[in-house]
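Please read this report alongside the sequence and the coordinates.

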Amino acid sequence: MDGLVSLDRRGKDWPVAVIGAGPVGLAAAAHLLARGLTPVVLEASGDVGASFRDYAHVRLFSPWRYNIDGAARALLERRGWTAPDPAGLPTGGEVHADYLKPLAATPEIAAVLRLEHRVIAIARAGFDKVKTVGRDAAPFALRVERADGAVEEILASAVIDASGTWSQPNPLGADGLPALGEAEHAARIRRGIPDALGSERARYAGKRVLVVGAGHSAANALIDLAALATDAPGTRIVWAIRGEGDVARLYGGGEADALAARGALGSGLRRLAESGGLELRTGFKLATIRRGLDGLDVHGHDGTKIAGIDEIVCATGQRPNLDIARELRLRLDPALECAEALGPLIDPNLHSCGTVRPHGARELAHPETGFFVAGV
């Protein structure tokens, strides 16, 4: 590892390492500062809030009052910041520009923020995964790759992994593996929520677009594509979901939803589906993508086919990156790969994002004392 920089392991004033400079990571740093602790925030990209930049065009269904952390607000207001209207619905770009960027610029956060510092591994300094005696007294050792390619070692008294999952999208394949042909046709697959009405309009206008997924990201993509179809003749939408039978639960609570905008999103999707504004394929478990006579042919495990697709939007969710924590002692939910105690609270087979009760350090902890995963 050329350029390895190792800190003195004899010291005791180790910071708390926070991985990720999104809203959760920056809020964690603000809370640590408020408690007189010293954080170091390690962000892989060159700016804070990377996921919010990726869906800057999307209007959130949670109002500002749910998007601003209390400790972060206190830091900002000491610098003269005025909070947006608490009832307003920001876009991802507005959260980035009006909250995350100002928060990162406060002297307290700026002093501990390290951009272009990608964490590639975490361990206990001097202890491999098997060794127990003395383990909890040792600091964490984080191997961090900087923008210049050098690898630095940072010691920490505790680690809060707030790196999120947005950058690790699930594949299109219904069995959790990439569909056969998925890599080959990657140039025609967009993951996340495309800006179909803005910067990516030309990519989708007049095309036959397949959206795969059953969550809010898929709903946003479908509604934007439907709006595009009214202005761009020939734009056709196919919505494929793995579940079968009644799809009513996908539309959420409608007017009864605790978040009005979330209910409106589901209601808008219901109207779109019932109006015939898209072709809905339920029970479609994607297996293979092949080049057809007129675009891509997408095949299901049961032999069914969706033919003539020009573009695919993959909105099948995300998963955590567990590689960096391989040398730590984790206790994971076997299906969700989150902390074991958290799994039953967020299981998507039983819950939506509106039914998850508040939880804290106890549910986020692992057998590795001082290591927590927080956020999405």
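This is a predicted model: local features need pLDDT of at least 70, side-chain atom pairs count only at pLDDT 80 or more; totals for chains, interfaces and linings use all residues.

## Salt bridges across the chain

Side chains of opposite charge can pair when their charged atoms come close. With a cut-off of 4 Å between a side-chain nitrogen of Lys or Arg and a carboxyl oxygen of Asp or Glu, the count for this model comes to 19 salt bridges.

One of these joins the side chains of Arg59 and Glu94, with an N to O distance of 3.7 Å. Arg59 lies in the loop between helix H2 (50-54) and helix H3 (70-77), while Glu94 belongs to helix H4 (residues 92-105), so the pair ties together parts that are 35 residues apart in sequence. Both partners fall into the partly exposed class, Arg59 with a relative accessible area of 46% and Glu94 at 30% relative accessibility.

Which of the two classes, buried or partly exposed, applies to Glu152? At 9% relative accessibility Glu152 counts as buried, because the limit for that class is under 20%, whereas Arg114, with a relative accessible area of 31%, is partly exposed.

Another salt bridge is formed by Arg281 and Glu279, whose closest N and O atoms are 3.6 Å apart. Arg281 is partly exposed, with a relative accessible area of 22%, and Glu279 counts as partly exposed at 30% relative accessibility.

## Helix H1 and its packing

Helix H1 (residues 23-34) has 12 residues, and the distance from its first C-alpha to its last is 16 Å, close to the 16 Å expected at 1.5 Å a residue. Beyond the helix, H1 is followed by Gly36, whose phi is positive, near 80°.

Within H1, the buried residues are Gly25, Leu26, Ala27, Ala28, Ala29, Ala30 and Leu32. What do the buried residues of H1 pack against? Their partners are strand E1 (16-19), strand E2 (39-42), H3, H4, helix H5 (107-110) and strand E7 (158-161).

Terms used
Residues are numbered from 1 along each chain as its sequence is written. Side-chain values use heavy atoms; hydrogens and water are left out. Helices (H or I, at least four residues) and strands (E, at least two) are DSSP runs, numbered from the N terminus. Buried means under 20% relative accessible area, exposed over 50%, partly exposed in between (1.4 Å probe, protein chains only). The expected span of a helix is 1.5 Å times one less than its number of residues. Contact means heavy atoms within 4.5 Å.
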